[in-house]
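Subject: Handover of a structure

Hello,

Please find the structure below, followed by notes on what was found in it. The notes can be read next to the viewer.

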Amino acid sequence: MERDIFRLAENVYWVGVRDWNRRLFDALIPLPKGTSYNAYLILGGGKALIDTVNPGFEKDLEEKIRVITSLEELDYIIMNHAEPDHAGAIPYIMERAPKAKLVATSRGAKMAQVYYHVPQERIKVVRENEAISLGDKTLLFIEAPMLHWPETMFTYLKEDGILFSCDFFGAHLAGGVYSDEVEDLLVHAQRYWGEIMMPFRSMAQRALEKIARLDIRVIAPSHGPIHRKPELILDAYKRWAVGETRQKAVIAYVSMWGSTDTMVKQIAETLMAEGIELAIHNLNVADIGDLAKDLVDSKAIILGAPTVLGGAHPLAVYATYLFKALRPPTEFAVILGSYGWGGGALRQIQELLKDFEVEVVGALEINGPPTKEDIKKIVELGKFLASKIKS
Ligand SMILES: Cc1cc2nc3c(=O)[nH]c(=O)nc-3n(C[C@H](O)[C@H](O)[C@H](O)COP(=O)(O)O)c2cc1C
Ligand SMILES: [Fe+2]
Ligand SMILES: [Fe+2]
């Protein structure tokens with residue numbers, strides 16, 4: 001085919017688009033490898049499109065569909081999720097597919113009206129486990145609330161054992177067709193989990209239980225490659241959802257004049273000498289997607305924050321806020337920082353962590369650059385943290 005279209009099964013096609021050059025998502029998450037917006041076409045007796053694409057790619061989607069069938073013949077547009085990266089082309093496609101009904105959860109139906117002005121009479125609300133028959137293909141709908149929006153659902157194509165899981169099981173990768181062909185797939189999937197799904201671990205566990213009863217041969221997410229060996233990503237998701245951690249610590253820090261830098265580098269050395277796996281993120285240059293990825297399986301976090309204007313450096317406040325929002329399974333925290341006169345960084349970070357279920361096992365705020373005595377204290381603290389991590 002001239003266009004980038006591929007067949008997943010008999011009469012099931014990927015008609016998504018690849019956004020090679022996108023570098024930021026949700027005005028927050030860096031996309032080092034771009035992303036894809038996966039849409040799928042299923043042709044039974046009836047015809048259904050599963051999800052659409054990001055605004056700006058409407059015509060690409062239309063052209064790809066038209067290679068296979070005409071839009072006028074579409075019976076259903078399945079909206080697994082209302083976020084614009086998948087639902088943004090719904091108005092464009094619905095205008096050109098006069099017969100098509102939008103299929104969504106009841107929450108999805110409301111969002112389709114609010115975001116995309118889809119008239120009520122063109123929406124078909126589906127409930128948990130409801131099925132739509134396309135003749136020789138049957139679509140089953142499974143609610144997946146808060147993965148990662150309230151209206152989210154999965155669509156399961158019974159006859160072919162394909163689970164269209166929307167953002168769940170996704171990865172921000174523009175390239176790649178099948179996940180088993182992508183060398184660093186799990187790294188990207190873990191990063192994606194950390195950014196998008198980690199805050200909803202209990203909902204993820206529930207969804208994993210629900211889909212365990214299905215015969216899943218292929219998982220077709222809405223970003224990144226398709227999983228035709230679904231065990232790999234399912235195993236990873238099971239581990240991440242229960243919050244399985246490694247003997248690993250992540251350091252997120254900022255330093256203006258090098259004092260906090262010296263402190264965190266010392267604790268890093270001590271931890272490594274104790275056999276603890278380590279990831280260091282200097283917030284000046286850090287990719288927060290990488291930080292999110294490391295939070296997925298770290299047992300401890302070390303926050304390094306010098307004092308600026310009576311409180312913590314704004315980048316450290318940002319990192320602490322993000323840490324709380326992402327709700328990683330981290331058990332232990334250490335706070336390190338340097339100040340010039342009155343201090344205040346430590347107090348502020350402690351305040352921010354107060355209502356968060358992480359045990360602060362040590363905190364040290366020193367005046368100016370660390371002295372030999374300070375270094376000794378940091379080594380002790382590092383050893384203590386290592387013992388906690390190993391316990
Ligand atoms: C812009 C700026 C604002 C600062 N504000 C404070 C402050 O309000 N209170 C304080 O104790 N120290 C303040 N300091 C001093 C730093 O906290 C101190 O130099 C510290 O050792 C810096 O650690 P670092 O080398 O890790 O950046 C300020 C420094 C700068 C550059
Ligand atoms: Fe989303
Ligand atoms: Fe998405």
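A residue is called buried if 20 or more other C-beta atoms lie within 10 Å of its own, exposed if 12 or fewer do, and partly exposed in between, with C-beta atoms placed from the backbone. Helices (H or I, at least four residues) and strands (E, at least two) are DSSP runs, numbered from the N terminus.

This is a predicted model, in which local features need pLDDT of at least 70 and side-chain atom pairs count only at pLDDT 80 or more, while totals for chains, interfaces and linings use all residues. Residues are numbered from 1 along each chain as its sequence is written, and chains are lettered from A and ligands numbered from 1 in the order in which they are written.

Helix 1

In helix 1, residues 58-68, the buried residues are Glu58, Leu61, Lys64 and Ile65. Viewed down the helix axis, these buried residues fall within an arc of 135°, so they line one face of helix 1; the arc is that of the directions from the helix axis to the C-beta atoms. Exposed Lys59 and Glu63 sit on the face of helix 1 turned away from its buried side. What do the buried residues of helix 1 pack against? Their partners are strand 3 (17-19), strand 7 (40-43), strand 8 (47-50) and helix 3 (90-96). Here and below, two residues are in contact if their C-beta atoms, placed from the backbone, lie within 7 Å.

The chain as a whole

The chain has 12 helices and 23 strands. Its C-alpha atoms fill a box of roughly 75 × 40 × 40 Å along the principal axes. Of its 391 residues, 47% count as buried. Among contacts between residues at least 6 apart in sequence, 72% join residues at least 24 apart.

Domains

The domain assignment gives domain 1 (6-242) and domain 2 (249-390); such bounds come from an automatic or database domain assignment. The centres of the two domains, taken over C-alpha atoms, are 38 Å apart. Where they meet, 10 residues of domain 1 are in contact with 12 residues of domain 2. On the side of domain 1 that touches domain 2, strand 5 (29-30) and helix 5 (185-197) each supply at least two residues. Helix 5 has the largest share of that side, with five residues. By class, the side has six nonpolar, two polar and two charged residues. In this classing, Ala, Val, Leu, Ile, Met, Phe, Trp, Tyr, Cys and Pro count as nonpolar, Asp, Glu, Lys and Arg as charged, and the others, Gly among them, as polar.

Nonpolar core

A nonpolar core is a set of buried Ala, Val, Leu, Ile, Met, Phe, Trp, Tyr and Cys residues joined through C-beta atoms within 7 Å. The largest one has 114 residues, and those with the most contacts inside it include Tyr40, Ile302 and Leu303. Domain 1 and domain 2 both give residues to this core, so it lies between them. Leaving aside residues up to four places away in sequence, Leu303 touches Ala252, Tyr253, Ala316, Ala319, Thr320, Ala333, Ile335 and Ile349.

Ligand 1

Which residues come nearest to ligand 1? Of the 20 residues around it, these are Met256, Trp257, Thr260, Pro306 and Gly340. A residue is near a molecule if its C-beta atom, placed from the backbone, lies within 6 Å of it. Helix 8 (259-273), strand 20 (307-308) and strand 22 (332-339) each supply at least two residues of this shell. Helix 8 gives the most, with three residues. The shell has seven nonpolar, 12 polar and one charged residues.

Backbone points

Most residues other than glycine have a negative phi, and most peptide bonds are trans. A cis peptide bond joins Leu147 and His148, with omega about 10°; His148 is in the loop between strand 13 (138-143) and strand 14 (153-157). Asn11 has a positive phi, near 65°, and is placed in the loop between strand 1 (6-9) and strand 2 (12-14). Asn11 counts as partly exposed because it has 18 C-beta neighbours inside 10 Å. Leu309 has a positive phi of about 50° and lies in the loop between strand 20 and strand 21 (311-312). With 8 C-beta neighbours inside 10 Å, Leu309 counts as exposed.

Regards
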